Amino acid sequence: MNKKKVVSSCDICANFAYNEEFETYECMASMDEDEVVSFLQTKNCPAFRLDDEYGVVRKQN
């Protein structure tokens, strides 16, 4: 049986940052209660932004 690793959107999201104080990763997006409930039910985050480090460079060229 082939099992593919499912990459969650949080792993590649620009809002997912390391908190040095607590030594863990956390979501830095500001979401209201309805958005959080929707995310937990559907796993589709309304605050998702692709962490594209090279996007700025592409725009400069």
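Q: In the hairpin of E1 and E2, which residue takes a positive phi?
A: Strands (E, at least two residues) and helices (H or I, at least four) are DSSP runs, numbered from the N terminus. The residue here is glutamate 23, with phi near 55°, and the hairpin has four residues between its strands. Glutamate 23 is a residue other than glycine, placed in the loop between E1 and E2.

Q: What kind of model is this, and how are its residues numbered?
A: The model is predicted: local features need pLDDT of at least 70 and side-chain atom pairs count only at pLDDT 80 or more, while totals for chains, interfaces and linings use all residues. Residues are numbered from 1 along each chain as its sequence is written, and side-chain values use heavy atoms, with hydrogens and water left out.

Q: How many bridges join strand E1 to strand E2?
A: Two strands count as paired if DSSP finds at least two bridges between them. Here E1 (residues 16-19) and E2 (residues 24-27) run antiparallel and are joined by four bridges.

Q: Is tyrosine 25 buried or exposed?
A: Buried means under 20% relative accessible area, exposed means over 50%, and partly exposed lies in between (1.4 Å probe, protein chains only). Tyrosine 25 counts as exposed because its relative accessible area is 51%. Its C-alpha atom is separated by 9.7 Å from that of aspartate 11, 14 residues apart along the chain.

Q: What pattern does the protein follow along the sequence?
A: The pattern is β-β-α-α, made up of two helices and two strands. Of the 61 residues, 11% count as buried.

Q: Where is lysine 43, and what is its phi?
A: Lysine 43 sits in the loop between H1 and H2. Its phi is positive, about 65°, although it is not a glycine. With a relative accessible area of 56%, lysine 43 is exposed.

Q: Which residues form a nonpolar patch on the surface?
A: Patches are built from residues with over 30% relative accessible area and no salt bridge; nonpolar side chains (Val, Leu, Ile, Met, Phe, Trp, Tyr) are joined within 5 Å, like charges within 9 Å. A salt bridge is a side-chain nitrogen of Lys or Arg within 4 Å of a carboxyl oxygen of Asp or Glu. Areas come from the Shrake-Rupley method with a 1.4 Å probe, and for residues only the protein chains shown count as cover. In this model the nonpolar patch holds Ile12, Phe48 and Leu50, together about 270 Å² of accessible area. Phenylalanine 48 is in the loop between helix H1 (33-42) and helix H2 (55-60). Phenylalanine 48 is partly exposed, at 33%.

Q: Which residues form a negative surface patch?
A: Asp and Glu count as negative, Lys and Arg as positive, and His and the chain ends are not counted. The place of a charge is NZ of Lys, CZ of Arg, CG of Asp or CD of Glu. Asp32, Glu33, Asp34 and Glu35 make up the negative patch. Glutamate 33 belongs to helix H1 and is exposed, with a relative accessible area of 66%.
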